[in-house]
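Visitor: I'm new to this. Could you walk me through how the labels for charged pairs and surface exposure are decided?
Guide: Gladly! Let's look at the model together.

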Amino acid sequence: MVLELKQLNVFDLNSKEKIFVFIYILECDDVNFINGPSNLKQNLDKNVFGQDFAIERVANAVRSHFKNKDPKAPLVMSFHGPTGTGKSFVSKLVAESLFKNGINSEFVHHKIAVQEYIDNTQHSLTKFKTELSDFIVKSVKLCKRSLFIIEEFNSLPEGLADVLTPFLDYHDKVGDQDYRKSTFIFISNVGAYMLIDRFVNHYKNNKTRETIPLKNIANDLPTIAYNTYGGFKNSKIISKALIGFYIPFIPLERKHVKQCAEKELRNSNIEVNNFNLESVADEMIYDPNKYYSMHGCKSVQIKVAALF
C-alpha cells in the first residue's frame, strides 16, 4: 500500500496560528485503498427505485470520468427533484463506489448548505467564499480524486457558488493544483415543482412513467436553476456551462414506496408479505390524485420501525 509523506498546514481554530506537521497518509487513488465504479450501476439498480434515467446517467458519468486518465474538467453533477426521491442516497452510493469508507472517507467532503452558510450579509459572503475556496484547495491537495457533495445547494447565499468557478472550469491547473480528477455533486429541490407538474400531467394523459421525456426535462433545469433564488441564481457555474450533468429525480409512486418498504423489512429481518408492504404504504402521504408519494420514500424506515 502506497504511503506518501506530505506537509500540511494546520490551523488552530483559537489562535489561528499556522503550524506544520508531517503525517503519513494513504495515497487516495492507490488500488489498495480506493474502489472503482465498476459496481456502481449494479448497486444503484439494486437499491434505488423508480429512477432509471438518473441511475443510467450517474453510473455512466462516474464510470467515464473515473476511467479517463486525463479528463478535461472535474465531473460535476447536479441532482434535482422533490424530497425523498433518492438524491442524497445516490450520492452516498457514488461515494461507496469510489472509497472503501464511503461517505465517511476522509476524501469525501459532505456539506449541508443550510447548516453551514446561513448568513446572507456581504461580510459573511466574503468570509464564506474564502473558507470554501481554501477548503477545496486543501482537500484536493490531499486527494486529487476528492468527492465534494453539497446538499441543499439552493440554500447557499447568492453569489457564493461563483467561488467554485475556477475549480470546475477547463483548466489544467489552478495555481499549482490540478482539479480535473475531482468530483462535485450538488443536491437541491430546485425544479421540483416543474418535475411534479410534468409528472402529473403525463399521468393525466394516460401515459406511462417510462415515456416521460426526462432528457428534455433535464435540458430545462439549467434555466430554471439560474433564475431561482438561492445558490444557483445568476451563477457563473451555470452561465459558463460548468455543470456537466443535470439529473432529474421524478416523484415516486406507491409501487416504489412498497419496494423501499420491502428493502427496509428485509434489512430489519421482518417478514416480507403483502399485508406488511401495504401497511407501510398506507402510512405514507400521497397527492390528492394518488399519483405519487408526497415525501417519496423518505420516512419509510421510520414507518417500518413504528409499525413492527
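Visitor: Where do Asp45 and Lys41 lie?
Guide: This is a predicted model. Asp45 and Lys41 both sit in helix H1 (residues 40–47), four residues apart, which is about one turn of the helix.

Visitor: What makes Asp45 and Lys41 a salt bridge?
Guide: The rule asks for a side-chain nitrogen of Lys or Arg within 4 Å of a carboxyl oxygen of Asp or Glu. For the side chains of Asp45 and Lys41, N to O is 2.7 Å, so the pair meets the rule.

Visitor: Why is Lys111 called buried?
Guide: Buried means under 20%, and Lys111 has a relative accessible area of 12%, so Lys111 is buried. Its salt-bridge partner is Glu116, at 3.1 Å from N to O. Glu116 is partly exposed, at 36%.

Visitor: What do Arg254 and Asp282 tie together?
Guide: Their side chains meet in a salt bridge of 2.5 Å, N to O. Arg254 lies in helix H10 (residues 254–267) and Asp282 in helix H11 (residues 274–282), so the pair ties together parts 28 residues apart in sequence.

Visitor: How do you know that Asp282 is exposed?
Guide: Exposed means over 50%. Asp282 has 53% relative accessibility, so Asp282 counts as exposed.

Visitor: How many salt bridges does the rule give?
Guide: The count comes to 15.

Terms used
Residues numbered from 1 in each chain as written. Predicted model: local features only at pLDDT ≥ 70, side-chain atom pairs only at ≥ 80, totals over all residues. Heavy atoms only, no water. Helix = DSSP H or I, 4+ residues; strand = E, 2+ residues; numbered from the N terminus. Buried < 20%, exposed > 50% of the residue type's maximum accessible area, 1.4 Å probe, protein only.
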